[in-house]
Amino acid sequence: GAFPHVRSLFSIMATAVFQPRTVLPGDDVTEIILSSTNTSNHASKTKAKKPKLGVGLSITTCEPNDSAAATPAPFFLNDGTTNTTKPPTKPTPTSTSDKFKITVTRAGNLIQRSNASNVTYAIQSNSRRYIPTVNDTVIAIVEDRAGGDHYRVNMLGPHPAMLCNTSFEGATKRNRPMLHPGSLVYARVTLAERYCDPEVSCMGGAGAAGGSRKDWMTDEGTFGELKGGTVVRISLGLARQLLSPQNVVLEALGGYGEGMPFEIAVGVNGMLWVHSSRPEHTVLICNAVKNSEILTSDQIRGMVASLVQTVSMNSKDD
């Protein structure tokens with residue numbers, strides 16, 4: 001059978017104006033972000049405002065320079081004597097960059113994410129540990145039941161997450177999926193607080209742009225149980241690259257159309273699920289995705305073409 005639907009959420013769109021750049025903790029990126037924000041606002045003719053920041057960036061309000069106040073300048077009194085007890089007037093910020101400062105808190109690439117309503121700047125890094133964030137799309141493994149209405153699932157985070165058995169499109173208390181230990185689900189993080197277990201849902205929400213919201217019984221929705229297929233671990237940086245609409249390796253693999261149909265789900269928690277009609281195609285896709293992390297765009301296209309040719313030749317020999 002064919003699997004034409006690709007389970008990837010392309011909600012993060014990078015603009016052509018902003019070029020990602022490598023930054024280190026402590027770097028001041030205020031001017032970089034403000035110049036790009038002003039360009040975007042000018043193009044859209046919207047009023048300039050404070051930029052929205054994501055993970056890896058910190059904003060602090062700048063106080064007027066107090067260095068002059070530490071050593072007050074002398075001034076003359078009416079009687080001709082001098083007095084140095086009165087500090088000079090504090091300067092007033094004249095520009096937006098004087099009012100606040102944006103600092104990098106983690107090493108990685110400074111990127112720009114945009115949608116129809118706003119533009120967000122964040123640091124994209126290839127960290128080893130996944131930290132859940134609301135609206136993250138993850139692949140989770142069901143561990144066991146936790147009470148009557150919830151499942152405990154493992155999404156490779158610091159703590160297990162909770163999944164309600166009615167958190168599926170069209171599910172009710174009488175008509176709901178029955179999951180077993182070891183089952184895979186493609187879900188969305190709905191709660192990620194510091195002092196409680198995270199929660200996930202297999203339903204679309206306000207922050208989940210794109211995707212299908214069909215009933216869970218149709219097996220055609222974006223979120224839900226992942227049946228069959230193969231799951232492999234990938235780095236967190238590669239997982240976020242695969243969710244980009246301009247991802248080269250998925251574009252190259254999808255170019256073979258009906259000759260190699262496949263279905264794929266990418267979790268930002270570092271898990272990749274692949275389902276194809278032939279085992280050799282599944283192995284090819286997994287290897288191509290993993291190899292793409294350290295290759296250029298041209299090298300990726302050549303690598304995919306070489307793998308497809310090798311698999312085709314082996315199939316003919318069999």
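Which residue in strand 8 does Lys52 stand opposite? The residue opposite Lys52 is Thr120. Before going on, a word on the source: this is a predicted model, where local features need pLDDT of at least 70 and side-chain atom pairs count only at pLDDT 80 or more, while totals for chains, interfaces and linings use all residues. Residues are numbered from 1 along each chain as its sequence is written, and side-chain values use heavy atoms, with hydrogens and water left out.

Back to the strands. Strand 2 and strand 8, residues 119–124, run parallel and are joined by 2 bridges. Two strands pair if DSSP finds at least two bridges between them. Both belong to an open sheet of 4 strands, in the order 1-7-8-2, with mixed pairing. Strand 1 (21–23) and strand 2 (52–53) each have a single partner strand, so one side of each has no neighbour in the sheet.

Now the chain as a whole. There are 7 helices and 17 strands in the protein chain; these are DSSP runs, numbered from the N terminus, with helices being H or I of at least four residues and strands E of at least two. The chain has 318 residues, and 36% of them count as buried. Buried means under 20% relative accessible area, exposed over 50%, and partly exposed in between, with a 1.4 Å probe and protein chains only.

The largest nonpolar core has 54 residues, and Leu163, Val200, Leu242, Leu253, Leu272 and Val304 touch the most other members. Such a core is a set of buried Ala, Val, Leu, Ile, Met, Phe, Trp, Tyr and Cys residues joined through side-chain atoms within 4.5 Å. Another core, of 12 residues, lies apart from it and includes Leu34, Phe100, Leu110 and Tyr121.

Last, the rings. How many aromatic pairs does the structure hold? It holds 1. The partners are Tyr186 and Phe223, stacked at 5.6 Å centre to centre with 25° between the planes. Rings of Phe, Tyr and Trp (its six-membered ring) pair if their centres lie within 6.5 Å; planes under 30 degrees apart count as stacked, over 60 as edge-to-face and the rest as tilted. Tyr186 is in strand 12 (residues 184–191), and Phe223 is 37 residues away, in the loop between strand 13 (199–202) and strand 14 (224–226). Tyr186 is buried, at 0% relative accessible area, and Phe223 also counts as buried, at 12%.
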